[in-house]
Structures are given as structure tokens and as C-alpha cells.
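Please look over the chain shown below before reading on.

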Amino acid sequence: MPDEVRELAGVAVLVCDPAGPPVTTVQDALDLIGAAFLGAEVVAVPASRLGEDFFSLGTGFAGEVMQKFVNYRLRLAVLGDISRHLAASSALRALVHESNLAAHVWFLPDLDALEARLTART
């Protein structure tokens, strides 16, 4: 399945293919942002597509990626099981907790949870 724009809870979401190219550089994130400009408000990226640097906060990569999405007024949803990363980092646990309380970046288990979050926000 290629990346595709779908409507969830009345919101256009770019749903990224789990088998798509990895997001390991800021340019990769900008490519997703560019693809979202076809009409999406949210980009749903499988956690499996994010490089290890994203989950290692000391690299600064997650912050750069998240800031790009905020700057371009797009929401980012990281979908999938990140429990291994959370177990290894209290800082990441805090980031995920705070992000999930806000409106721009969410860490969720799947598309159903994203749809529920979007329904609650609209």
C-alpha cells in the first residue's frame, strides 16, 4: 500500500505505508511534509519507519522532526508499539506523555486510536 490520504473523523490524514522508506533524516521528514501538502492535516507515520535516532532523544532528531511539523502547521501521529524505546528512556516517556496531552504530535498504537483522538478533538 503506498502512502495515501484518507479521511478519519472528518480530517484528511496522510497514512504512511509501513513498508515505505525509513525516516532517518530531516529531509525524509520534509518529504513527508511535502506529500501532506496534497491536502492532509495530519501525517500518520508507523513507528517502524522511524530510525533509532528518533527514539534516542540525545540525538536531537525527534525534536527537529517534531518542530518541522509544527512549523508547517501539520500534526504528526507516530503509530505503533514503541514500548521497547519507552522502557529504555524516562526522557522519552516524558516526551510521549506531554506530546499526547497537546495537539500537534501524538504517539498512538494504531489508526483506530488516531481516529478516536481526532473524533474527540473535532
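Which residue of β2 is the bridge partner of E4? The bridge partner of E4 in β2 is V15.

## Basis of the report

This is a predicted model, in which local features need pLDDT of at least 70 and side-chain atom pairs count only at pLDDT 80 or more, while totals for chains, interfaces and linings use all residues. Residues are numbered from 1 along each chain as its sequence is written, and side-chain values use heavy atoms, with hydrogens and water left out.

Helices (H or I, at least four residues) and strands (E, at least two) are taken as DSSP runs and numbered from the N terminus. Two strands are said to pair if DSSP finds at least two bridges between them.

## The sheet and its pairings

An open sheet is formed by five strands in the order β1-β2-β3-β4-β5, and its pairing is mixed. Strands β1 and β5 (105-108) stand at the edges with a single partner strand each, so one side of each is left without a neighbour in the sheet. From one strand to the next the twist averages 25 degrees, where axes are lines fitted to C-alpha atoms, for helices over the stretch in contact, and angles run from 0 to 180 degrees between N-to-C directions.

Strand β1 (residues 4-8) and strand β2 (residues 11-15) run antiparallel and are joined by five bridges; in their hairpin, which has two residues between the strands, A9 takes a positive phi near 55 degrees. Strands β2 and β3 run parallel, joined by three bridges, and here V15 stands opposite A44 of β3. Strand β4 (residues 75-79) also runs parallel to β5, with four bridges between them, and L79 stands opposite L108 in β5.

## Burial of β2

Strand β2 is mostly covered, since five of its five residues are buried, a term that means under 20% relative accessible area, against exposed at over 50% and partly exposed in between (1.4 Å probe, protein chains only). In a regular strand the side chains alternate between the two faces of the sheet. From β2, V11, V13 and V15 point one way and A12 and L14 the other way, and all are buried.

## Helices on the sheet and against each other

Helix α3 lies across β3 (42-46), β4 and β5, running at about 140 degrees to β4. Helix α6 (residues 111-121) lies across β1, β2, β3, β4 and β5, and runs at about 135 degrees to β5.

Helix α1 (residues 26-36) packs with helix α3 (residues 61-71) at an angle of about 25 degrees, their axes being 10 Å apart. That makes α1 roughly parallel to α3, a label for angles under 35 degrees, with over 145 counted as roughly antiparallel, 65 to 115 as roughly perpendicular and the rest as oblique. The contact, meaning heavy atoms within 4.5 Å, is made by V26, A29, L30 and I33 of α1 and by F61, E64, V65, K68 and F69 of α3.

## The surroundings of S99

S99 is found in helix α5 (residues 90-101), and at 8% relative accessibility S99 counts as buried. Leaving aside neighbours within four places in sequence, S99 is in contact with M66, V105, W106 and F107. S99 and M66 are 33 residues apart along the chain, and their C-alpha atoms are separated by 9.9 Å.
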